[in-house]
Amino acid sequence: MPRHLLGIDLGTSSVRAGIFREDGARIAIAARAYPIETPVPGASLQDPELWWRRTGEAIAEALALSSLKGSDISGISFCGQMHGAVLLDSGNAPVGCAVIWADSRSAAECEEITEMLGSDVLRDTLMNRIFPGTQAAIIPWLRKHEPEVWRKVRRILLPKDYLRFRMCGLFNSEPSDASATLLFDQNQRDWSTEVLKKLSIPIEFLPFIVASDQVIAETEGIEEQTGIPDGVPLVLGGADQAAAALGNAVLDEGVMFIAVGTGGQIVTPLRSPRISPGLCLNTFCHLPESRWYLMGATLAAGLSLRWFRDTFAPQASFSELDHEAAAVSPGCEGLRFAPYIAGKRSPMLDPSAAGSFTGIRLNHTRGYFARAVLEGVAFELRDSLDVIGQMGIRPHTVILSGGGAKSPLWPKILADVFDLPLALSASEEAACFGTALLAGVGVGAYGDYWKAAELVPKPSQVIEPKSDNVSRYEEIYRGREQ
């Protein structure tokens, strides 16, 4: 019987458990949702115990859908939302909720930490600016504003590492996710003792770093909840964007992928670490130890569309909004949307930025507003794409992935705004698929990452930009910058 791999993707709104054959064939994927708690302005919290329960339910359902037994799984790996912090006490129980990437309460601390660390450390060690939602900002904020919580903390984990801890009881992480904590020396691929000392963070609070594809342990004591017996190998895992890159075969320079999900990301691999002008984009470790990647991000891509739908058209489906938006001409007759409803990340970092509609006229119906949201996100991503181009990085292949790629209209808008052909990813649930491939690398099913990437299906459709629309959008984009 062929062997099977399980990839677990702990996202912002849901967890996905995907079972794939070792030849890359998708067998079953199940998902379970959970909320973001926002008890005070700027807070974004989630219950790690709820993550764990939902993960068990998703795994059990995926096994049921596949008609497989847990013993048919030959390897498990993990990816998840980046940056956040799961706080554990001396008994390894969560201290309240996890603070996730969208939490913006530490903006003031970011300025203090930036001055404390200095430009040399930011540039040469962290290779990034300090921004809210990262552990480098969360921990000082917590120590200052919630000292009673901080006194109980004895360990700090990234979200996906908490799930693996629940399956084996060990505390570990790996470079692709740890580099995004901004406590990490990317040259050494390990925690920066200098940064930890300056921020007064005990290194023993942080997990031990090993390679993303290392088998760290085996499952233990989770069969009742998940259906997975003891003894299944657990492979460390990776950040969700690194896993999605593998799931789209984006490992080398010359290939880029653009993900339009809850947030929006532009990811392009690097053979050696490079930093953008003014650190306006992110540089993080990739899954292979010989690779890094450059990333631009907008915090509210699909989130903007969902917010608009839920707030102004709760009875409408996304396909209805897409259809109405397609009937509106490019530029929406002057209606514009700034997608900063969760702040601004790249290339101009501004946690306090707010979203807006401008240029509203009497004739602007719901379809105009829906299209303005799609265009606003596209323009925001174009900002990061332009920086990448200014760095001399010009990929020969650009892959569009994520939920936004399934829209009949949004990929066309993106291709026109970018003036680039966009190959639509044929990898459904690319992060989940990439994580399963990572599990396969770890358990020896493939020779290396590049052999695993050969199993990624080739894009079947390419969206070409339309010259008339390109000209119109270029005019709007240049006017937008003034």
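The questions and answers below concern strand pairing and salt bridges in a predicted model.

This is a predicted model, in which local features need pLDDT of at least 70, side-chain atom pairs count only at pLDDT 80 or more, and totals for chains, interfaces and linings use all residues. Residues are numbered from 1 along each chain as its sequence is written, and side-chain values use heavy atoms, with hydrogens and water left out.

Student: In S2, which residue is the bridge partner of His4?
Tutor: Strands are DSSP runs (E, at least two residues; helices are H or I, at least four), numbered from the N terminus. Two strands pair if DSSP finds at least two bridges between them. S1 (residues 4-10) and S2 (residues 14-21) pair in the antiparallel sense over 7 bridges, and a hairpin of 3 residues joins them. In S2, His4 is bridged to Arg21.

Student: How many residues apart in sequence are the parts that Arg16 and Glu429 tie together?
Tutor: A salt bridge puts a side-chain nitrogen of Lys or Arg within 4 Å of a carboxyl oxygen of Asp or Glu. For Arg16 and Glu429, the closest N and O atoms are 3.0 Å apart. Arg16 lies in strand S2 and Glu429 in the loop between S23 (422-424) and H15 (430-442), so the distance in sequence is 413 residues.

Student: Is Glu380 buried or exposed?
Tutor: Glu380 forms a salt bridge with Lys344, their closest N and O atoms being 2.9 Å apart. Buried means under 20% relative accessible area, exposed over 50%, and partly exposed in between (1.4 Å probe, protein chains only). Glu380 has 1% relative accessibility, so Glu380 counts as buried.
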